[in-house]
Amino acid sequence: MLSDELQYEIGLTMLDGVGDVLAKNLLAYCGSAQEVFKTNRSQLEKIPGIGMVLSKSILQSKSVLERAEQELKFIEKNSITPLFYTNKEYPQRLKNCHDSPILLYYKGNTNLNADKIVSIVGTRTPSVYGKHMTEKLVQELTDLGCLVVSGLAYGIDIEAHKASLDNGLPTVGVLAHGLDRIYPSAHTNQAERMLQNGGLLTEFMSETNPDKENFPKRNRIVAGMCDALVVVESKREGGSLITATIANAYNKDIFAFPGKAGESLSEGCNGLIKSHKASLIESSADLLYIMNWNESPKSKKNAQIPLLLNLSTEEQTIVDAFDNKDQLHIDEISYTTNFPIGKTSTYLLQLEFANVIRSLPGKMYQLNR
């Protein structure tokens, strides 16, 4: 049974002039999506970034709520799971990104907060080498049991999805349109298979076309959801490089397969490596090493921090987050402590200076016991 609040949450995504960042600001001040629509104009105007024009637009948004009611029927009829920003099922890695979507629509059966998530992207016109390296990488990741994310596009994207399905890995396709269609239509069969082991994810309502401006938005979800982003092949300019740029801004680990000098499909990856925006990868072994994913589990011990250390409340909260865990990724620490990623980085640095923790490759941290 869908909640009454969901209609207002959908409506919040449809307000003209209110993007994801402003929507979160409204939520912070008003307390809920429903309260955004019920708060009076004078109070709305006082919220940073809103002002007179937007407050008037919000209060005259009856048609928005009517359209949201129509979307509710579509969601219920098609067994779609709406994931609002405050839901615990919302992808937590993505939640740490400042411009993450306020609402996602998901259809599938996998955990979007899996322990390890790898996004794989690349050109729409891959070479035989590019296809082979994609298949090989995914096959090598099988034992890791990670979630593979991509954009269901032609080329490297669909190769990554196919290889995941063939090797039993869950895989999620992020769409640049609503869940009432599949683009490109040639990938309909693969999309249906993904619903059985993975799924389809989008921020767009039904009846949304795959318009050009939607693809960079799609790319930020692909970048934000993962621990590691792998670019297989890319020209000097293209969607996969946009995704890599976004991932870099999100402080994600980026990897690129090198290619032959002078070949157009190698220029993007070679450029990422030369500019130190991506680590060179030749096989999954490189990714596992840098991400620190290939170490055997160590015996778990309770954290014992010297009593003489005078930790702040925030620092102690981070130490407590480790509990019986040997290592934690910065995203997991941020999620567990509910600290913004920037503050989490600051506290981690302070703890590292105090020799309480140590940093590891792949933005992992370990408690000194």
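## Glu352 and its surroundings

Apart from neighbours within four places in sequence, Glu352 is in contact (heavy atoms within 4.5 Å) with Ile357, Arg358, Ser359 and Tyr365. The model is a predicted one, in which local features need pLDDT of at least 70 and side-chain atom pairs count only at pLDDT 80 or more, while totals for chains, interfaces and linings use all residues. Residues are numbered from 1 along each chain as its sequence is written, and side-chain values use heavy atoms, with hydrogens and water left out.

Glu352 belongs to helix 17; helices (H or I, at least four residues) and strands (E, at least two) are DSSP runs, numbered from the N terminus. With a relative accessibility of 29%, Glu352 counts as partly exposed, a class that lies between buried (under 20% relative accessible area) and exposed (over 50%), for a 1.4 Å probe and protein chains only.

## Helix 16 against helix 17

Helix 17 (residues 341-353) and helix 16 (residues 330-337) have axes that come within 9 Å and cross at roughly 105°, where axes are lines fitted to C-alpha atoms, for helices over the stretch in contact, and angles run from 0 to 180 degrees between N-to-C directions. Helix 16 and helix 17 are therefore roughly perpendicular to each other, given that 65 to 115 degrees counts as roughly perpendicular, under 35 as roughly parallel, over 145 as roughly antiparallel and the rest as oblique.

On the helix 16 side, Ile330, Asp331, Ile333, Ser334 and Thr337 take part, and they meet Ile341, Thr344, Ser345 and Leu348 in helix 17. The residues of this contact comprise four nonpolar, four polar and one charged, with Ala, Val, Leu, Ile, Met, Phe, Trp, Tyr, Cys and Pro taken as nonpolar, Asp, Glu, Lys and Arg as charged, and the others, Gly among them, as polar.

## His329 in strand 10

His329 has its place in strand 10 (residues 327-329) and, at 10% relative accessibility, counts as buried. A polar atom of the His329 side chain lies 3.0 Å from the backbone nitrogen of Asp331, the aspartate that also takes part in the contact of helix 16 with helix 17. When residues up to four places away in sequence are not counted, His329 touches Asp227, Gly362, Lys363 and Met364.

## Two further helix pairs

The axes of helix 11 (residues 214-225) and helix 12 (residues 239-249) come within 9 Å and cross at roughly 50°, which makes helix 11 oblique to helix 12. The crossing of helix 11 past helix 12 is right-handed, that is, the near helix is turned clockwise from the far one by less than a right angle, anticlockwise being left-handed. Here Pro216, Asn219, Arg220, Val222 and Ala223 of helix 11 meet Gly239, Ile242, Thr243, Ile246 and Ala247 of helix 12, a contact with six nonpolar, three polar and one charged residues.

For helix 1 (residues 4-13) and helix 6 (residues 62-77), the axes come within 8 Å and cross at roughly 115°, and helix 1 likewise passes helix 6 in a right-handed crossing. Leu6, Gln7, Tyr8, Ile10 and Gly11 of helix 1 make the contact with Val64, Leu65, Ala68, Glu69, Glu71, Leu72 and Ile75 of helix 6; by class, these residues divide into eight nonpolar, two polar and two charged.

Arg181 is found in the loop between strand 5 (171-174) and helix 10 (188-194), and it is partly exposed, with a relative accessible area of 26%. Its side chain makes polar contacts (a pair of N or O atoms within 3.5 Å, one able to donate a hydrogen and the other to accept it, with residues adjacent in sequence counting only if both atoms are side-chain atoms) with the side chain of Asp180 at 2.9 Å and with the side chain of Asn209 at 2.5 Å. Not counting residues up to four places away in sequence, Arg181 touches Glu207, Thr208, Asn209 and Pro210.

Glu207 lies 26 residues from Arg181 along the chain, with 8.3 Å between their C-alpha atoms. Glu207 is located in the loop between strand 6 (198-202) and helix 11, counts as exposed at 51% relative accessibility, and has a positive phi of about 70° although it is not a glycine.

## Other backbone features

Pro184 is also in the loop between strand 5 and helix 10, and the peptide bond from Tyr183 to Pro184 is cis, with omega near -5°. Leu152, in the loop between strand 4 (147-150) and helix 9 (156-166), has phi near 60°, a positive value in a residue other than glycine, and counts as buried at 0% relative accessibility.
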